[in-house]
Amino acid sequence: MATPAAVEGFSSLRLLEVTPWRKVSRCHRCSQGIGSDLKVTGVDFLKSQNSRLHHTDAYNIKNLVVRRGQAFQIQLSFSRDLKASDKLALRFGIGEKPMKPRGSLLSLNPRREPDFSGWQISIVKSSGKECLLSVTSSPSAPVGIYTLNVKTGTNIYKPENGAIYLLFNPWCKDDVVFLDDEEQRKEYVLNDTGCIYVGSAYSIYNRPWNFGQFEEFILDACMYLLDKSNLRLNSRRDAVLVSRAMSALVNANDDTGVLLGNWSGNYDKGTSPLDWMGSVSILQQYYKTKKSVCYGQCWVFAGVLTTVMRCLGIPSRCVSNFNSAHDTDENLRVDIYLNEYGEKLNRMSLDSVWNFHVWNDVWMKRTDLPSGFDGWQAIDSTPQEQSQGTFQCGPCPLKAIRDGDVYLPYDSKFVYAEVNADKVYWVVKKVNGRDKYYKISTETQGIGMNISTKAVGRDAREDITAEYKFREGSEEERKSMQKASSFIRPSGLGIRARFAATTAVDDGDSRAGVLHETVSKSGLQLEITNTEVLYPGNPLELAITVKTSTPGSWTINLAGSCQLQSYTGKVEATLGYVKEIVKLEGNSEAKVPLKIAADSYMKTLASVEDEVLIHITAIAEVQGTDDKLTKETTMRFEYPPITVQMPEMAKLNTDFACSFIFKNKLNVPLDNCKLLVEGLGIFKMAAFDQGDVKPGRIIKSEIICTPTRVGEKKIVAKLTSAQVKAISVEKAITITE
């Protein structure tokens, strides 16, 4: 008999003790059927205790789900007592046609020495017609669905629900995804709710997101993606290759993957990216139809990829990079073109700066790289640029990005540029009928700001910028940039506009390599603020403050503009500008107002389906000096809140009411209002059409909830309308038995 500790801990030791055979009379032996063939009459997968120990009890699936490198137990029942001479083997097969030579079929015999596969099997207890076995898969076994059958002599028994799902194991020290922190494992593997940070660098807010990796059909959808990836069986062992393949398959570009991206502003043929509240309905729809779901943008891609990674057992987190550079030719430079009023000229830019971009980090050892690059790796499923002929990105070690080791795989140059590129501002003026470009300024610290993720174990933002880059201006940052620049072709400061053939360039500094900001003679500074709360329907009360800090009389040419833009930096409307000459003495400042009437932007708000942000750009030039400065900032509109009314606690399988209340405190009506609500383990996503909501009107929707799982659960609500695209709220409730 095995020791009690071995049974409770699912020991992976090969225990060969079998209950001794008793000496019995011939008649008694016949009555026991010992002379007959041994047949299996049943298999008990002991799902309750196995799944609890493997942290897989939350998966909504009938089959056994286990993690690799960790023992699980199976109870076999036989047609007669088991003899020492009986032949017994558990056969695990993966793929369509499992075969031993391919390594896709394993035959485990508890009475033989372990084979080279790394799997182990042992008898924990044998008593009469029952036998308790312990099976431990290899910590580097291919992940996927294994079919189990039991062979006794020439008989083969195929149990009902005999498919076993094998996942990566962050609890196993020998697995490459091992994460040695229980709180982090709870957050990055087991947490099925969370939030994604969006907005702009100085106006960050969160969007609640239901990852829902344990919901019905989600695990099967992930297994379908694994099969669809065409990864070789041997590659399914490798978290690096699996995460790279999933970054490709979550977008639809090359392979009819999960989500079709759409940044056009027209979502009539699908769901607006802003209407999704989580990954569940996306993956369920994809698995049901086997067709790409419409539509996604970066936070949706990142949310779904987080779900897929956590579902497969790879620790994952959503990462939001503010002022994220999309550097199309990886030269660490983004050119921004302005007219003389400071208005951005979209049509000329090859590169872009997104207000935010969301990707993922996944945790793993990098056995394919030199030592020192284990830990968090960046992956990105938003289709931006092709990598090895496919729209995929990563995994790329954060340490490689921080240290400037951009030669390391995968896609480190692209990710490095997203957080480190320089912005070069050009003013375009007409001279004798031709565009002439004047370089105004270079900003070396504006890209890759406030890199954010949800904190472990609490609903708060954690700033992880220091994991991606050294402090701006530090010696380490300078060395990192020099190293990275040695692997990236220098661009110089030549113009790279779409229509460069028709241009003349006034550029006082065309040196290649790392760019530097010039030292100001006047101590010129710019500051952009809003003087009133930015409610839709109200005038936008803005101000540009011009400052000088050194002795002298300074005359400053100031131009400032206000535009509406999408989060990718695309200008949706130009609202107005101010152009003034400001005179300052020494250390002083002047505030120049910029006021935009509500009528000039409300039509745009109602006509675009994306959430738009307020973008202000200011250009200042000090007369008689080379002092030039550009400053831009992005702000978001403020909205009235949604209130959720429900108890703090509820009992399992007992109904309770949840109410959602919204009062339109704006002075404009909200057309075609729709309320979306979802609560994992409580109720499926539901939508309430509310029609037009006039100023001052209160709307209330109620849903009766029946909790099906215990623990802390979250209810998420989102309100959309023609004018307001995304008011979100989440509220937690504790479900007890």
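Trainee: Which residue stands opposite Val677 in β36?

Mentor: As a general idea, strands of a sheet pair through backbone hydrogen bonds, and they do so either parallel or antiparallel. In this predicted model, the residue that stands opposite Val677 is Ala686, which belongs to β36.

Trainee: How many bridges join strand β35 to β36, and do the two run parallel or antiparallel?

Mentor: Strand β35, which covers residues 670–679, is joined to β36 by 7 bridges, and the two strands run antiparallel.

Trainee: Where does the largest share of the lining of the second largest pocket come from?

Mentor: In general, rolling a probe the size of a water molecule over the atoms shows where empty space is left. Here the second largest pocket has a volume of about 700 Å³, and the largest share of its lining, 4 residues, comes from β38. At least two residues of that lining are supplied by each of α4 (182–190) and β38 (711–720).

Trainee: Which residues lie nearest the centre of the second largest pocket, and how does its lining divide?

Mentor: Of the 22 residues that line the second largest pocket, Leu190, Asn191, Asp192, Glu712 and Lys713 lie nearest its centre. The lining divides into 12 charged, 5 polar and 5 nonpolar residues.

Technical notes. Residues numbered from 1 in each chain as written. Predicted model: local features only at pLDDT ≥ 70, side-chain atom pairs only at ≥ 80, totals over all residues. Heavy atoms only, no water. Pairing = 2+ DSSP bridges. 1 Å grid on protein atoms, 1.4 Å probe; cavity = no way out; pocket = protein on both sides within 12 Å on 5 of 7 lines; lining within 4 Å. Points joined across faces, edges and corners; volume = space filled by probe spheres on them. Nonpolar A, V, L, I, M, F, W, Y, C, P; charged D, E, K, R; others polar.
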